[in-house]
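Visitor: I'm new to this one, could you walk me through it? I'll ask as we go.

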Amino acid sequence: MSDILKLNRTVAPKFKLPCKISLPAVNSIGMQNGLQLYAINTGTVDVLRFSIVFDAGTRYQRQFLVAGTALNMLTEGTEKYGSEEIAEQLDFYGASIDVDIDRDWSCITFYSLARHFEKVMEIAEQIIKYPVFPEKELNVYRQNHKQQLIIERGKVSVIAGETLVSALFGENHYYGSFAQPEDYDKLNSHILKEFYEQHYSSKNAFMVVSGKISDREIKTVSDFFGSAAWGKAPKAEAVQQKIISSPEKTVHVPKTDGVQSAISIGKVLFNKSHCDYFGMFFVNTVLGGYFGSRLMKNIREEKGYTYGIYSNMACMKDSGYLVISAEVGDKYVKLTLEEIKNEILRLQRQKIAKNELSLVKNYITGNILRSIDGIWKIADTCIDLLQINANFEYIEQMLDEVLKITADRVLDLANRYLDADTFTTVISGRR
Amino acid sequence: MIEYKKFILKNGLTLLAHRDRSSTLAAVNVLYKVGARSENPHKTGFAHLFEHLMFSGSKNVKSFDDELQVAGGESNAFTCSDYTNYYITLPKENIETALWIESDRMLYPNITQHNIDTQRSVVIEEFNQRYLNRPYGDVWLLLRPLAYKVHPYRWATIGKNIEHIKNATLDNAKCFFDLHYSPCNAVISIVSDMEYGKIYKLVEKWFGEIPARPASNCKFPQEPQQMEPRSLTVERKVPLTCIYKAYKMCRRENPDYYVCDLLTDIFAGGKSSRLYVNLVKNTNLFARANAFISGDIDEGLLTVSANLLPNVDVKKAEAAIESEIEKMRTEKVSEYELEKVKNKAEASHVYSETDILNKAMMLGYYEMLGNIDLINEELDYYRAITADDIMKVSKSVFADEKCSTLYYKSVN
């Protein structure tokens with residue numbers, strides 16, 4: 001077959017990657033009440049996305065599940081509209097809502113066709129400013145989400161992940177504690193309302209709007225959220241709690257009814273404000289941060305022990321951790337642990353080859369471009385940045401740092417931060 | 001509205017190009033018109049296993065992923081019953097890298113014993129992770145063979161069982177490639193900020209010299225009409241009992257397909273939907289309820305499913321579901337409710353046009369269906385649906401003798 005082909009396929013086509021990227025323009029607009037709106041005009045399709053982010057994550061709750069339930073219950077009834085009316089109206093306008101909560105932040109997002117934006121924002125205002133947390137809807141929520149949590153906790157990956165994070169931060173720490181299904185029974189409307197009043201207000205939030213934006217849409221947001229101050233909550237004060245890691249370095253959580261075990265290996269590291277963050281982000285990518293990573297190549301593509309293995313750097317407001325996770329056949333647990341160890345040792349002992357170094361640099365560059373492409377992703381990235389008090393220039397800085405990194409620095413960082421005996425290992429499954 | 005231009009190369013490869021001026025990336029999608037329905041009933045799971053093998057490099061591309069990643073790209077793929085879909089995004093300047101590696105694996109993929117051994121093992125772990133080691137993971141492994149007795153939809157894309165994957169050989173893989181991975185059995189779709197003529201030239205450069213091969217002419221049996229209600233009860237260690245009622249529905253090309261889609265939105269599209277309000281919220285029987293269509297090319301399934309709260313009587317729960325179905329058969333939906341689900345269909349269509357990769361996938365998908373114009377005309381079909389259509393289709397779909405029911409019971 002090859003004799004008839006004229007094209008020389010043995011040589012890869014030329015490619016190039018930008019050293020500078022054109023950053024999306026963000027229009028930062030101060031509202032009359034002090035609330036900040038960040039508007040990103042991505043303009044081609046007639047849709048809009050509006051997010052409002054509150055400094056109201058689970059770290060601020062004094063009882064399990066309160067922060068998440070308060071957020072989810074915002075749409076379940078307001079002074080003006082009952083929950084069914086809210087659902088009817090949003091569905092009728094083809095709008096949809098996403099809520100998202102993590103340890104530090106809560107966020108509610110509305111997706112709308114441009115022509116219905118004003119109507120959707122009117123409902124959004126009711127939801128965000130005047131929720132009433134009705135008992136009837138709370139009962140339904142509590143019952144269903146309790147069952148959902150029971151199902152989640154039947155997954156070995158969830159068990160291993162939670163056990164690890166508890167071991168790293170301490171099971172009473174706001175970053176290391178996890179709710180039990182029974183905690184749903186302890187919720188009531190009063191507790192939710194109290195949490196809402198203490199954490200939801202124009203003083204404790206910021207807003208991001210993306211899509212086809214003109215002055216009209218800015219005015220709409222401003223009319224509904226930006227005029228008078230609303231809500232009683234002061235700006236959050238994040239009080240730091242001391243991390244108390246478990247001295248146990250290996251934990252086994254037995255679960256005998258499955259065919260696979262989940263492995264979670266990790267250590268407390270740092271967040272995005274640390275001077276070595278970009279460097280370690282790079283090291284983590286090499287190790288297990290993308291499909292072509294060393295862990296993936298070795299443990300999946302060479303040995304076939306797992307469907308997927310990843311390492312990830314989780315970053316929170318006042319800490320962070322690195323975690324390697326995989327679900328593997330029970331018979332591969334030991335072999336996988338050995339190979340993870342080998343890959344970490346290889347990073348510490350051998351300088352990364354030139355090819356791999358530039359491959360990972362290029363891959364990360366491409367990923368940065370992906371992270372700001374399209375109306376949804378651009379807003380997500382913008383929110384991530386605002387949460388660390390940064391703007392899109394941070395991405396530029398990240399790209400600069402990534403492109404500058406050397407093999408020596410990778411070696412140095414791996415030795416400084418990845419010593420095997422600093423990791424905690426959790427296995428959920430058969431022994 | 002997605003504007004596009006269609007080209008057909010001499011070797012039969014179809015190209016669809018769409019220009020998106022707003023993105024710095026290019027999306028390259030390659031769809032092969034082969035899926036689990038083309039498999040030998042004794043070698044199921046093969047289309048999906050083969051998808052894994054396609055990432056093992058090719059004659060001139062030692063590592064598919066390395067060559068792509070070094071050009072800033074990322075890729076993945078999925079297999080379904082009707083087709084297999086490979087996709088890439090990368091900086092638009094580097095589009096030729098995507099064309100190089102995709103064309104090279106259409107020419108000579110690196111199918112070796114070592115690769116097949118490893119990917120067999122990876123797929124077995126995938127089978128375990130996604131189907132056996134997850135609560136409710138095996139639902140479709142049970143429901144498909146209940147609903148289909150003859151058609152290949154009776155097995156899931158992962159395969160009937162692990163043994164089939166274990167037995168896959170190198171020869172099987174080579175035959176599968178020769179039979180199904182020819183240019184005329186593929187559609188490449190590209191979304192990028194580039195003139196159509198230029199895209200065509202580049203695709204012609206990399207794919208044009210791939211020799212034409214005969215199209216696969218895979219015949220598989222069509223499912224005879226189901227004439228009796230079917231049911232299966234299983235017990236599993238899961239927290240909640242679930243009921244799945246899967247009804248036979250029309251083929252993808254039948255206009256009733258859109259009616260079925262709207263039907264499921266009336267049932268379960270959002271928090272104002274009937275199943276959520278009437279079953280989850282206003283009875284104490286269910287934790288969740290859902291309705292969805294399978295979206296298959298041949299006769300598909302319209303499934304209504306529900307998770308029962310603990311200690312709820314299965315018969316009582318099923319009666320509640322059936323009363324909602326009965327209402328759909330006997331009472332006309334209001335103009336308001338119809339308008340609502342149409343608006344929702346329109347909105348999700350518009351939302352799907354905001355992402356370059358999604359647009360590339362849609363172009364490939366509609367071309368595979370055999371009518372690319374549907375990509376922009378489909379909304380008109382939804383808009384034209386009347387309350388009478390909904391009732392008529394409900395009456396024909398929701399018949400006991402077309403239903404397969406799975407009782408997935410929780411035991412401790």
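Visitor: Which strands of chain A does helix α4 of chain B lie across?
Guide: In this predicted model, helix α4 (residues 113-132) of chain B lies across β8 (260-268), β9 and β10 of chain A, and its direction is at about 65 degrees to β9(A).

Visitor: And which helix of chain A lies across β9 and β10?
Guide: That is helix α9 (residues 294-302) of chain A, which runs at about 160 degrees to β9(A).

Visitor: What sheet do those strands belong to, and in what order do the strands come?
Guide: The sheet is an open one of 5 strands in chain A, ordered β7-β11-β8-β10-β9, with mixed pairing. Its edge strands are β7 (250-254) and β9 (306-315) of chain A, each of which pairs on one side only. Ignoring direction, neighbouring strands of this sheet are turned by 15 degrees against each other on average.

Visitor: In what sense do β9(A) and β10(A) pair, and over how many bridges?
Guide: β9(A) pairs with strand β10 (residues 320-329) of chain A in the antiparallel sense, over 8 bridges. As one example, S311(A) has I324(A) in β10(A) as its bridge partner.

Visitor: Back to the two chains, how many residues of each are in contact?
Guide: There are 62 residues of chain B in contact with 61 residues of chain A. Several elements of chain B each supply at least two residues to the side that touches chain A, among them α3 (95-107), β9 (286-293) and α12 (335-351). The element that gives the most to that side of chain B is α4(B), with 8 residues.

Visitor: New topic: which residues touch the most other members of the largest nonpolar core?
Guide: They are M207(A) and A360(B), in a core of 245 residues. Helix α13 (residues 356-369) of chain B gives the most to this core, with 9 residues. Leaving out residues up to four places away in sequence, A360(B) touches residues including A27(B), Y87(B) and I190(B).

Visitor: Chain A has an α13 too, so which of its residues are buried?
Guide: Helix α13 (residues 393-404) of chain A has 12 residues, and its buried ones are I395(A), L399(A) and V402(A). Seen down the axis of α13(A), these buried residues fall within an arc of 70 degrees, so they line one face of the helix.

Visitor: Why would residues a few places apart point the same way?
Guide: An α-helix has 3.6 residues a turn, so residues three or four places apart point the same way.

Visitor: What covers the buried residues of α13(A), and what is on its other side?
Guide: The cover includes α8 (277-289) and α11 (354-371) of chain A, whereas on the other side of α13(A) the residues E393(A), Q397(A), D400(A) and K404(A) are exposed.

Technical notes: Residues are numbered from 1 along each chain as its sequence is written. Chains are lettered from A and ligands numbered from 1 in the order in which they are written. This is a predicted model: local features need pLDDT of at least 70, side-chain atom pairs count only at pLDDT 80 or more; totals for chains, interfaces and linings use all residues. Helices (H or I, at least four residues) and strands (E, at least two) are DSSP runs, numbered from the N terminus. The expected span of a helix is 1.5 Å times one less than its number of residues. A residue is buried if 20 or more other C-beta atoms lie within 10 Å of its own, exposed if 12 or fewer, and partly exposed in between; C-beta atoms are placed from the backbone. The arc is that of the directions from the helix axis to the C-beta atoms. Two residues are in contact if their C-beta atoms, placed from the backbone, lie within 7 Å. Two strands pair if DSSP finds at least two bridges between them. Axes are lines fitted to C-alpha atoms, for helices over the stretch in contact, and angles run from 0 to 180 degrees between N-to-C directions. A nonpolar core is a set of buried Ala, Val, Leu, Ile, Met, Phe, Trp, Tyr and Cys residues joined through C-beta atoms within 7 Å.
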